[in-house]
Amino acid sequence: MDSPFFADNVIIIGYGAFSGENLQFKEVENMISRKISFAWLTALFFIFISASGAYADNQWSNYHWEKKNTPPDHPILTLSIGDNHTDVNPTHWSTLLDVVRSNWDQDDGGFGGAYLAVNIVDGGAGDIESYNDDYGNTGWLGLASIWITRGKNKHIVRGQSKVNDYYIGYDSFSEDFNWAHVLCQEIGHTFGLDHNRDAGDTCMNDQTALLSPTPNDHDTDMLDIMYAEDHGDSGGSSGKKCHPIRGCGQSRVHAFWAEHYEDEQELLEASDAVVEATVLSSSFSHTVGGPDRAVPITRVILKVAETIKGKASRVIVLQQTRGPGLEIEDDPGYVTGDAYTLYLRQVGVNSYRVVNPDGRIRH
Ligand SMILES: [Zn+2]
Ligand SMILES: [Zn+2]
């Protein structure tokens, strides 16, 4: 295998570990691609959580894995990732997963900080399960789900990462390091990290070009704060006590949207159609993906009041990734009777999805 992680337009300016064959780089030039452009800067929020004494900078809410009874000379939380991947030429997912793992692992890459070790096990046996499949033209490159306990401690008891083979080879998504950026972010979410949109050198940024396949020192610092101390606290249930139907606690889901635009004008230009429409109904339709990795799709039926761009019939169908147990945080359900301006990507006859959540503006 020859250097799969390099492209002509990537400039190596740092160091670090990224590859299964000792290719070294940590930072790549933060380029703005045509398809994925830097959308906006998010203010840096420091939220102090008095209960735990930790600040939640890019922690995902205050979610974290329980860590208890670690020996004083080895106070490390070890999480396992189940490899459920199948290769999709030219993307060797298992190789990428191992690269991602090593970049988060405290022994190998250092980005996981001093207290987080990550190993890979066979699919089905992990704290976190990692999947790929062709989920179709859903608008997202990857999904990260965590299940948290209902108690006050918000412990993560299970995680899932799903990446969408459908977009392999598209515009900005053709190189392995593009997909390592996505996979690195989904796995990072399952540790309890949120997006890190203030820096261009981390895979936890979902609004830059996909050129940063590793976390950065900020992510490391965050994990150190989250996992330095044991959390042998009450109120959590272990991952083994999951309800057979409802699963483990409540799920939280982040999506890595495939398209970003700087402003409404760019969004308008990129859309296949833009409409003013009212929701007639919304119901679970079907799943996409294999049995152990399926994702629910909801059909939202809307009555179009006005077509601002493109051609749309009087009634359109919106395909939304949502269903029992899965609701993407920035793309919640549509309520019957609500009116929206929608920026749409056509996915079939009379069938659309929103370009991204910026393309759903509720009136
Ligand atoms: Zn805790
Ligand atoms: Zn994300």
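This is a predicted model: local features need pLDDT of at least 70, side-chain atom pairs count only at pLDDT 80 or more; totals for chains, interfaces and linings use all residues.
Residues are numbered from 1 along each chain as its sequence is written, and chains are lettered from A and ligands numbered from 1 in the order in which they are written.

The chain contains four helices and 16 strands, where helices (H or I, at least four residues) and strands (E, at least two) are DSSP runs numbered from the N terminus. Of its 363 residues, 44% count as buried; a residue is buried if 20 or more other C-beta atoms, placed from the backbone, lie within 10 Å of its own, exposed if 12 or fewer do, and partly exposed in between. Two residues are taken to be in contact if their C-beta atoms, again placed from the backbone, lie within 7 Å. Among the contacts between residues at least 6 apart in sequence, 67% join residues at least 24 apart.

Two of the helices, α1 and α2, pack against each other. Helix α1 (residues 93-104) has 12 residues and reaches 16 Å from its first C-alpha to its last, close to the 16 Å expected at 1.5 Å a residue, the expected span being 1.5 Å times one less than the number of residues. For helix α2 (residues 176-190), the 15 residues should span 21 Å at 1.5 Å a residue, and this agrees with the 21 Å between its end C-alpha atoms. After α2 comes G192, which has a positive phi near 105°.

Both helices are mostly covered, although nine of the 12 residues of α1 are buried, while in α2 the count is 15 of 15. The buried residues of α1 are W93, L96, L97, V99, V100, R101, S102, N103 and W104, and their cover includes the strands β4 (77-83), β5 (116-122) and β6 (128-133) together with α2.

The packing angle between α1 and α2 is about 55°, and their axes are 9 Å apart; axes here are lines fitted to C-alpha atoms, for helices over the stretch in contact, and angles run from 0 to 180 degrees between N-to-C directions. The two helices are therefore oblique to each other, since angles under 35 degrees count as roughly parallel, over 145 as roughly antiparallel, 65 to 115 as roughly perpendicular and the rest as oblique. The crossing of α1 past α2 is right-handed, a term used when the near helix is turned clockwise from the far one by less than a right angle, with anticlockwise giving a left-handed crossing. On the α1 side, the contact is made by L96, L97, V99, V100, N103 and W104, which meet D176, W179, A180, L183, C184, I187 and G188 in α2. These contact residues divide into 10 nonpolar, two polar and one charged, where Ala, Val, Leu, Ile, Met, Phe, Trp, Tyr, Cys and Pro count as nonpolar, Asp, Glu, Lys and Arg as charged, and the others, Gly among them, as polar.

Strand β5, part of the cover of α1, includes I120. I120 counts as partly exposed because 19 other C-beta atoms lie within 10 Å, and, leaving out residues up to four places away in sequence, I120 touches I81, D83, L97, D98 and R101. A117 is also placed in strand β5 and is partly exposed, with 17 C-beta neighbours inside 10 Å. The C-alpha atoms of A117 and D107 are separated by 7.0 Å, with the two residues 10 apart along the chain.

The peptide bond from N89 to P90 is cis, with omega near 5°, and P90 lies in the loop between β4 and α1. S61, in the loop between β2 (54-55) and β3 (64-65), is not a glycine but has a positive phi of about 50°. N69, in the loop between β3 and β4, likewise has a positive phi, near 60°, in a residue other than glycine; N69 counts as exposed because it has 6 C-beta neighbours inside 10 Å.
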